[in-house]
Amino acid sequence: MISVQDLRVRFGPVEAVRGVTFAVGEGSSFGIVGESGSGKSTVLRALSGLNPDWSGRMTIAGTALTPKRSRDFFRRVQMVFQDPYGSLHPRQTVDRALSEPLLVHGIGDIDRRIRQALSEVALPAAARFRYPHQLSGGQRQRVAIARALMSEPEVLLLDEPTSALDVSVQAEVLNLLADLQDRRKLTYVMVSHNLAVVAHLCPMVGVMQGGEMVEMISAEDLRAGRTRHPHTADLRRLSTELEEA
Amino acid sequence: MSASIDRTWLLSEAPASRAQAAWGRRYRLWCDFRANPLAMGGLVIAVVLVLAALFAPLLATYDPSAQELANRLATPSAAHWLGTDELGRDVYSRLLFGGRVTLGMVISVVVLVAPLGLAVGCVAGYFGGWADTLLMRVTDVFLAFPRLILALAFVAAIHPGVTSAVIAIALTAWPPYARLARAETLSIRNTDFIAAVRLTGASSVRIILRHVAPLCLGSLIVRVTLDMSSIILTAASLGFLGMGAQPPSPEWGSMIATARRFFLDQWWVPLIPGIAIFVASLAFNLLGDGLRDVLDPKQR
């Protein structure tokens, strides 16, 4: 479904992503982990079309991606952002946020679709006409997920979708994402610095360090500690220590 | 409509329609605003002034241009509430009709300037690059002109009158709004919620109009209200210098100008339009301050 070959992204003199290659099958999930500044979010932004200054080869469903994307691309590929406090327009109600993709793509039947989307992400119908500041962090992230699903995409790019939420809400949102993937046959690419979160959702994980993907490892191997690269081992040790602490 | 519009409807935590949510938000802003007595004072005065100007024909006790030379420069009395001017015209009535000219000029300037500044600023800020450079250098050029002098030169070059005064003030008043809107846009354009709209595939025009501009509007309204006093002063200055409204049209600035000869002996004649200018400027300043507390997102 998605294939990325030798992706390079440059910010001025700094090469933030240095030749990343991976592939994700249809209906599957791929996780990217790494420390802050390892280039993992940059990969996602290049894939989503938000950052047009990249080189390399990326295809989604067999079509090669260009720096400027078509409207059809945005219908098929959507993204959920890290910070649910920053990814919703502060002056727009949930209703408005959800109807925007429908209006842009000329999809009709707005009223029914919004009600359905709200129930799909387990938000009460009463939340429909609320402003973001009237919702909790978890509810906002559900709205952001619902908005990403409005145009019925095939690919969902998840940029640390749970890291701004507290632990109990994290689990809810992760389970929601897993449910949605089952129901809609979505393909996920998920970026996180939390190994447990990634391993929960993604059978394959890529570990990034300094703009390079240093290891590709299956979630099982990761859990069992069968790592090959020292950085993966470091990350794993850190996260288990954190959990025990 | 069966649902009654009252406090519970407005403050509902679960609005049932977009309109209810929007009105609820506005009502909350209004509640914040109402808690500020100075700002409320400014609002009340501004509304009274605008209403007085609108209903001048009903409120005036005399024809503003009717002369009564036997009774010139009269002190305020029951017949002439605020006295008469050098041609025996009733000052109270002239003040009301003068409000139409002065406030009318201010409102026309704002109507011309605010959308222009908003559009230039949002486009420059959103697109960046050469569009930003071009638009902002043009803005800088206009910003470099001293306002009153450019207005004077412009009015003198065309012909003195209300229309040319409005155009002249507008020409020099828009650059600060463009800068303000650009600064706001720069802080908005890289946020995740704008990125999310871009990912829906929306066109730039749609993003600017529906997502960026509404967020710039709050601080723009505040700035416009605070600027109204300086626009009033500029309009009155032009009138005072004989470059704005022409006699016999009663404009506050030109009323002071024609009465300034009597400043020592019949001081109330120039003083009264002066007080009107002062009160109007003060009211808009107080209103602007109150609006800033409520609308400026950086304050909350």
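**Notes on the two-chain model**

1. Let's start at a strand pair: Gln209(A) stands opposite Glu212(A), a residue of strand E10(A). Strand E9 (residues 204–209) of chain A and E10(A) run antiparallel and are joined by six bridges. Here and below, strands (E, at least two residues) and helices (H or I, at least four) are DSSP runs, numbered from the N terminus, and two strands pair if DSSP finds at least two bridges between them.

2. A word on how to read this: the model is predicted, with local features needing pLDDT of at least 70 and side-chain atom pairs counting only at pLDDT 80 or more, while totals for chains, interfaces and linings use all residues. Residues are numbered from 1 along each chain as its sequence is written, and chains are lettered from A and ligands numbered from 1 in the order in which they are written.

3. Now the sheet in chain A. Six strands make an open sheet with mixed pairing, in the order E6-E7-E8-E3-E9-E10. At its edges are E6 and strand E10 (212–218) of chain A, each of which pairs on one side only. On average, neighbouring strands are turned by 20 degrees against each other, direction ignored. Helix H5 (residues 137–149) of chain A packs on this sheet, where it touches E6 and strand E7 (155–159) of chain A, and its direction makes about 175 degrees with that of E6(A). For such angles, axes are lines fitted to C-alpha atoms (for helices, over the stretch in contact), and values run from 0 to 180 degrees between N-to-C directions.

4. Strand E1 (residues 2–11) and strand E2 (residues 14–24) of chain A pair in the antiparallel sense over eight bridges, with Arg8(A) opposite Arg18(A). Two residues lie between these strands in their hairpin, and Gly12(A) there takes a positive phi near 60 degrees.

5. E1(A) also runs antiparallel to strand E4 (residues 54–60) of chain A, joined to it by six bridges. Gln5(A) has Arg57(A) as its bridge partner, and Ile2(A) has Ile60(A). E4(A) in turn forms a hairpin with E5(A), with two residues between them and a positive phi of about 50 degrees at Ala61(A) in the turn. Two bridges link E4(A) to strand E5 (residues 63–64) of chain A in the antiparallel sense, and Thr63(A) is the bridge partner of Ile60(A).

6. Please check Arg69(A), in the loop between E5 and H2 of chain A.

7. On to the interface, where 28 residues of chain A are in contact with 23 residues of chain B. On the chain A side, helix H2 (71–76), strand E6 (77–80) and helix H3 (94–105) are the elements giving two or more residues. H3(A) gives the largest share, six residues. By class, that side has ten nonpolar (Ala, Val, Leu, Ile, Met, Phe, Trp, Tyr, Cys, Pro), nine polar (the others, Gly among them) and nine charged (Asp, Glu, Lys, Arg) residues.

8. Last, chain B. Helix H9 (residues 192–199) of chain B is largely enclosed by the rest of the structure, because six of its eight residues are buried. Among them are Phe193(B), Ile194(B) and Leu199(B).

Methods: A residue is buried if 20 or more other C-beta atoms lie within 10 Å of its own, exposed if 12 or fewer, and partly exposed in between; C-beta atoms are placed from the backbone. Two residues are in contact if their C-beta atoms, placed from the backbone, lie within 7 Å.
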